[in-house]
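Hi,

Here is the structure I promised to pass on. My notes on what turned up follow below it.

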Amino acid sequence: MMQFLGLLALGLGGLVLEATLLPALKLAGVKADLLTIVLTIYALFQGPSRGAALGFGYGLLEDLYLGRYVGLNALSKMITGYIIGLGKDRLNQDNWLVPGIMAFFAIICQGLLVLFLTLLAGFHFPLLAGLEAVILPMSFYNACLALLGYNLYQGGIKWATRKRRIGSPG
């Protein structure tokens, strides 16, 4: 239950940051996707089923916040979480580059899924232009942020482990 509440708080906090502060931090016209970064790190450590569940939840939160095309982000993030989660037992989770590389591929996967699903829904976007102009720059930017997020995550785990081992209350 605590993990669920923590992930929900991370998702809601990520949405608030994406809507308020992060538009000012755009690089090359692309924004940070904090929900996908958290999803990538979580799926990498928890596996495909939990990654898909979190992806669906985060995507639905994002869809409800945006208020259009409800289900589009839920489906694309769910599939992305599942695919990233497949690397749980296949990738070296101790290598600090792995989350960045996986976030890079997660953004590409998610972007292509969104383009494909909108194409199925009857909307037409130029695939190569979307890939070049948005998806690839967004992938590089978010991969760098995932490296930072992973280091913060690892630091938090080390801190919590040290506190438990020492037994200090504060």
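A quick word on terms: buried means under 20% relative accessible area, exposed means over 50%, and partly exposed is in between (1.4 Å probe, protein chains only). This is a predicted model, so local features need pLDDT of at least 70 and side-chain atom pairs count only at pLDDT 80 or more, while totals for chains, interfaces and linings use all residues. Residues are numbered from 1 along each chain as its sequence is written, and side-chain values use heavy atoms, with hydrogens and water left out.

Now the salt bridges (a side-chain nitrogen of Lys or Arg within 4 Å of a carboxyl oxygen of Asp or Glu). The structure has 4 of them.

Asp33, Glu62 and Lys77 form a network of salt bridges. Lysine 77 pairs with glutamate 62 at 3.0 Å, N to O. That pair links distant parts of the chain, with lysine 77 in helix 4 and glutamate 62 in helix 3 (residues 48–66), 15 residues apart. Helices here are DSSP runs (H or I, at least four residues), numbered from the N terminus. Both lysine 77 and glutamate 62 are buried. Lysine 77 also meets aspartate 33 at 3.6 Å, N to O, and aspartate 33 sits in the loop between helix 1 and helix 2, 44 residues apart from lysine 77. Aspartate 33 is buried too.

Another salt bridge joins glutamate 18 and lysine 31 (3.7 Å, N to O). Glutamate 18 is in helix 1 and lysine 31 in the loop between helix 1 and helix 2 (34–46), so the pair ties together parts 13 residues apart in sequence. Glutamate 18 is buried at 11% relative accessible area, whereas lysine 31 is partly exposed at 32%.

Cheers

Note on methods
Helix = DSSP H or I, 4+ residues; strand = E, 2+ residues; numbered from the N terminus.
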